[in-house]
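Subject: Structure handover

Hello,

Please find the structure below.

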Amino acid sequence: MKKRTILITGGAGFIGSHVTRLFVNKYPNYTLYNLDALTYAGNLENLTDIANKPNYNFIKGDITDEIFIQELFQKYQFDGVLHLAAESHVDRSITDPLAFIKTNVLGTANLLTAAKNLWKNNMEGKRFYHISTDEVYGSLGKEGFFTEETPYDPRSPYSASKASSDHFVRAYYHTYGLPVVISNCSNNYGANHFPEKLIPLAINNIKHSKPIPIYGKGENIRDWLWVNDHARAIDVIFHTAKIGETYNIGGHNEWTNIDLIKKLCEIMDTKLGRPKGTSAQLITYVSDRAGHDMRYAIDASKLERELGWTPSLQFDEGLEKTVDWYLANEEWLDNVTSGNYQSYYEKQYTDR
Ligand code: NAD
Ligand code: DAU
């Protein structure tokens, strides 16, 4: 197998840690560098099982630091980039939009520029893969799906920053011939998901018998994909997609928030040995998210048809596996919900 030197950004985060593990274990001939600033969302505990592998390296650093990024590319001579580092939580983007513009837009532009400078005389075999979101397409009504041709219509500071970063990636492809690929994925769930997002937040709250906050009427719809299936898709796209292409990734798995939470409550009652209906009593409707997108749903047929990827896991099984992981990893959950998490939670949910 060919030797490669690959930069993964955001590898200590939720999706990044699953992608890093998959690449480290599957490609012993690759030298992998995980660059992560270790913000509140980055956690090296996500990677303890691979930390000592000979093909894995961790670098603490910030993608918004232009000089640092230029020097890093010159030093390690990467031939591939998997770019996942981002500010990723919509609610935080509503309170602090500038942090999202800085990391998601400027950070991506820095990486693109460094790759362009390093590869300018020989783009052969190089690849810059930008991992993005379905939120760039906006919000659907009851009908229809996001395809790769759906016009961009981002509606939160988070999705606007991701849309902007996607545009920069395409601009570097068209202007400089940078060998890029982009994927836009729906909502992920699974192990190591930071408990600011709906599913792990609800698991943590149920565990502690705290209210489960449901925004608005709970009728908003998301299309959930097991994080390991996203990592598999990223592997396939990185290795086989045609340069310049975009792929949507999704789970064919739409749920209203309230139905999803009711299902999760049933699983938690069983796993915790609590009488049926106990967890559902914690469901609490709170004021809606500003600009709350109604429905996301992905048409992933291009990826399935052209690259042969399909999701591997049914939601029932995936959700149960996820609950099992959180209950077996209490220390992980306790560590990430101590300290700053408490003040975030209070600010976000008190008097809502
Ligand atoms: P996450 O918030 O769990 O992790 C983000 C990681 O990036 C963290 O480890 C953090 O420390 C790091 N990071 C943040 N700012 C940085 C900076 N300036 N420099 C270096 N590292 C920095 O996010 P996630 O949910 O794993 O998402 C990963 C990527 O996938 C993001 O680009 C996100 O937009 C995209 N995405 C996420 C989902 C989802 O459901 N979570 C779905 C589709 C796409
Ligand atoms: O679609 C992909 C996107 O999915 C990713 O790009 C984002 O990084 C990721 O965070 C996720 O965005 P969402 O906003 O859809 O995920 P979140 O878990 O924050 O919310 C899921 C739904 O649940 C959404 O309709 C808002 C609602 N919600 C969320 C929280 C945190 C609640 O009702 N209560 C809550 O406390």
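A polar contact here is a pair of N or O atoms within 3.5 Å; within protein, one atom must be able to donate a hydrogen and the other to accept it, and residues adjacent in sequence count only if both atoms are side-chain atoms. On that basis, a polar backbone atom of Tyr215 sits 2.8 Å from an oxygen atom of ligand 2.

The model is predicted: local features need pLDDT of at least 70 and side-chain atom pairs count only at pLDDT 80 or more, while totals for chains, interfaces and linings use all residues. Residues are numbered from 1 along each chain as its sequence is written, chains are lettered from A and ligands numbered from 1 in the order in which they are written, and side-chain values use heavy atoms, with hydrogens and water left out.

Ligand 2

A nitrogen atom of ligand 2 lies 2.9 Å from a backbone N or O atom of Pro213, and an oxygen atom of the ligand is 2.7 Å from an N or O atom in the side chain of His292. Taken alone, ligand 2 exposes 690 Å², of which the protein buries 95% (accessible areas come from the Shrake-Rupley method with a 1.4 Å probe; for residues, only the protein chains shown count as cover).

The shell holds 24 residues, the closest being Asp134, Tyr158, Arg289, His292 and Tyr349; a residue is near a molecule or strand if one of its heavy atoms lies within 4 Å of it. By class there are 9 nonpolar, 8 polar and 7 charged residues, where Ala, Val, Leu, Ile, Met, Phe, Trp, Tyr, Cys and Pro count as nonpolar, Asp, Glu, Lys and Arg as charged, and the others, Gly among them, as polar. Helix H3 (90–95) and strand S8 (212–215) each supply at least two residues of this shell, and S8 gives the most, with 3. Helices (H or I, at least four residues) and strands (E, at least two) are DSSP runs, numbered from the N terminus.

Ligand 1

Around ligand 1 there are 28 residues, with Ile15, Asp36, Ser88, Tyr158 and Lys162 coming nearest. The shell divides into 13 nonpolar, 12 polar and 3 charged residues. A nitrogen atom of ligand 1 is 2.8 Å from a polar side-chain atom of Asp62. The side chain of Tyr158 has an N or O atom 2.7 Å from an oxygen atom of ligand 1, and a polar backbone atom of Asn188 is 2.9 Å from an oxygen atom of the ligand. Ligand 1 exposes 840 Å² taken alone, and the protein buries 96% of that. Strand S5 gives the most to this shell, with 3 residues.

Helix packing

Helix H6 (residues 198–207) and helix H8 (residues 257–272) pack at an angle of about 40°, with their axes 10 Å apart. That makes H6 oblique to H8. Axes are lines fitted to C-alpha atoms, for helices over the stretch in contact, and angles run from 0 to 180 degrees between N-to-C directions. Angles under 35 degrees count as roughly parallel, over 145 as roughly antiparallel, 65 to 115 as roughly perpendicular and the rest as oblique.

Regards
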